[in-house]
Amino acid sequence: MADMTAGNYTGPAGTEGAAGTLTTADGKPLKAALNAAQSKARWRAFFLVAPLLAFVLFTFVAPIGQLLQRSVHNPGFTTHTDISSGTQTPIMVGLREWFDNNPLGTEPDEAAYAALAADLVVLRELKAPGSVGTRINYERSGSRSMFTKAARRAQKLEPPFKEAMLDLDEDWADPEMWAAMRGASSAYTFNFYLAALDMTRDVNGEITQVDPKRQVYVKLFQRTLFLSLLITFVCFVLAYPIAHLLATLPLRYSNLLMIFVLLPFWTSLLVRTTSWMVLLQSQGVVNDALVGANILADENRIQMMYNQTGTIIAMVHILLPFMVLPLYSVMRPINPSYVRAARSLGATSWTAFRRIYFPQTVPGIGAGALLVFILAVGYYITPALVGGADGQLISNLIAFHMQKSLNWSLAAALASILLGGVLVLYWLYDRLIGIDNLKLG
Amino acid sequence: MTDAFVAFDRVQKSYDGETLVVKDLNLAMPKGEFLTMLGPSGSGKTTCLMMLAGFETATHGEIRLDGREINNIPPHKRGIGMVFQNYALFPHMTVGENLAFPLEVRGLGKDERETKVKRALEMVELGDFAARRPAQLSGGQQQRVALARALVFEPELVLMDEPLGALDKQLREQMQFEITNISHQLGVTVVYVTHDQTEALTMSDRVAVFEDGRIQQLAPPEDLYERPDNSFVAQFIGENNKLAGKVKSISGDIATVELANGKTTEALAVNCGDAGSDTLISIRPERVTIGGAGANVTDALVKELIYLGDHIRCRLDVHGNDEFVVKVPNSAGHEHLSVGETTKIAWAAEDARALDAL
């Protein structure tokens, strides 16, 4: 009876057809009848989630797709888009053709300079030398002005074009310039990823490290990773006892305390961060109190702001509820009789905690740590306000490239690497602890 | 008193410093006894168990185990096995690991652990279940594992806190039998807490009836049922008919009681005080005969009849009490009663116990 499956069960309404397939009382195949009966419910369920599905597609999947695309695709040297009409015109056609016909390492000849000069004339007509120059400027600084200047005079240039160009600016012969233009001659490129990892292509197209003085991103990724791990750990150390207290107190008191934990959630992020600035600055409340209590000399005020300390303190405070809540939700249902049982079986209170209580809270620790870490890795406002120079995280640099340098492709590459890193960590977590063990509430 | 295995000596417990949950508890248990603490919820029985286990501290008094005062010994050093109401099996460990836990913290070697775990699991007939998780077991199986875990480290005293509360009736009866069997086989001393009187009566050597933080009566099950010391115990255990009255006179064991309606009746003077004091007479339904003759014959008006197969339950109006219940066996030649008729009933004076007025 117990192992009877639905397949060979013929209930009062089911009759077995001649071929052995199940049919309904009036002869329709049972499977088709079941599908028909359930399709309405399925459609209704689909329509219920459809708004969310559309929302997620538009606001999440599409932007991330665009971001990934932008990180490998930059048409700044290949296509010009007119802002008012939106028409797209291929640019630098002649030079790109020359690059296609002459392999890497070929010394630019008269034909190359001629093509460049002709293309510059076109750029001038399209009013596009600035944007093209910017694209080359990403790879080789100082190039933008060369393009604008050359384009202004391109009309008047006469053969031989090589000498004419070099008369305008010696740097037109710079192999790095030609390498940069060759790199940009295809809209699809991995150069932004190389740049995001402090690497570049040299004159011969080989991948090399950039000048140590200009290496910023790898160091910043490392710092972001380190600070996020540290913040996660500090949050865990602070949240575990609080969550335990909340979980063991009578509901009347724990609800009150829970409000204190949640209070930061209901306050504006900006208000919380700026109040930390009030507290932590060198003329701030904490320092004043220490000096006032004669614990600290006036000239030895502690620098707690505009450095990593400020970032850590403010971010721990802001992210703490994300650790407390999953821990609390895991601890609350743990019956105190487990620990009592362990004690009655001969375990000291420490052993009972370590062997019985702690393992049952691991799903909450995992969820909280993952949540805090992922939030910390991408945090932006707090480090921007209190981080100073060495408390900045990678997201601040992404914002810089989005808003100031306008190198969106590099910003996209940095963001993609960040996304990839988080996914790798998520995968690692799944391998080590198991995602099924995650318990958010 | 001093050679008792478990002893409570004038123990009191208060949680808030204002009211006593346990009032002046005195109890002595010999080794190997199966003692049940029975009482309604809030009567202090679980608190007593928790004090014995070491999870609550006594506010006053002394608790001794095997002659040693244990008031200040932490729970893990008492060596007392305990079965919890919800079993408290560790969900992240297998059955085998659960059983090995008490042995592990005692520093036993791996081989010895495995032998003992195997033996304990076989004792509760779950030999093949060592690799399962508690969540994969039925309620009855979890209960057995909890029992095995409480016994695996061979404690001399085992405490059980309403261990069968979550099981269905049939399983409960089977487990009652198994628990008594195993505890007698191993010769362990058991303190068992329950609010189920059937459980208490069928399993125990002695039952302590708790009410209002005191032991009302401590006696073997048959004494408790047949010879209750006071009205609370008479009411709490089994079915009971009560007649309120005043003691008129006492001669020897027998008290003459004047009932509320002015009639007098004779009853065994147990706990009724001197002449003139209020009393409640307690008579078990099965000790009343219909139409019989005896010392206490009286008229009874049949109010209700309930047919229960093996017997018929009659609700009668006797001496003004219309909740008087008599069980008439459905045997050959028994008398047929009908609602509204008046009949004679009788009981022996020894079966009517004059107790304290509530």
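Colleague: How many bridges join strand S17 (residues 311–318) of chain B to strand S18 (residues 321–329) of chain B?

Modeller: Strands are DSSP runs of E, at least two residues long, and helices are runs of H or I, at least four, both numbered from the N terminus. Two strands pair if DSSP finds at least two bridges between them. Here S17(B) and S18(B) run antiparallel and are joined by 7 bridges. One of the residues involved is Cys314(B), whose bridge partner in S18(B) is Val326(B). The hairpin has 2 residues between its strands, and His319(B) takes a positive phi near 50° there.

Colleague: What kind of model is this, and how are residues numbered?

Modeller: This is a predicted model, in which local features need pLDDT of at least 70 and side-chain atom pairs count only at pLDDT 80 or more, while totals for chains, interfaces and linings use all residues. Residues are numbered from 1 along each chain as its sequence is written, with chains lettered from A and ligands numbered from 1 in the order in which they are written.

Colleague: Is Pro102(B) buried or exposed?

Modeller: A residue is buried if 20 or more other C-beta atoms, placed from the backbone, lie within 10 Å of its own, exposed if 12 or fewer, and partly exposed in between. Pro102(B) counts as buried because it has 27 C-beta neighbours inside 10 Å. Pro102(B) belongs to helix H2 (residues 95–105) of chain B.

Colleague: Which residues does Pro102(B) touch?

Modeller: Contact requires C-beta atoms, placed from the backbone, within 7 Å. Leaving out residues up to four places away in sequence, Pro102(B) touches Arg149(B), Val152(B) and Phe153(B), and also Leu345(A) and Gly346(A).

Colleague: How many residues of chain A are in contact with chain B?

Modeller: Contacts link 15 residues of chain A with 18 of chain B. On the side of chain A that touches chain B, helix H14 (336–344) and helix H15 (349–377) each supply at least two residues. H14(A) gives the largest share, 6 residues.

Colleague: Which residues touch the most other members of the largest nonpolar core?

Modeller: Such a core is a set of buried Ala, Val, Leu, Ile, Met, Phe, Trp, Tyr and Cys residues joined through C-beta atoms within 7 Å. The largest has 103 residues, and Ala148(B), Leu159(B), Ala208(B), Val209(B) and Ala354(B) touch the most other members. Helix H4 (residues 139–151) of chain B gives the most to this core, 6 residues. A second, separate core has 55 residues, including Leu227(A) and Tyr379(A).

How values were computed:
Two residues are in contact if their C-beta atoms, placed from the backbone, lie within 7 Å.
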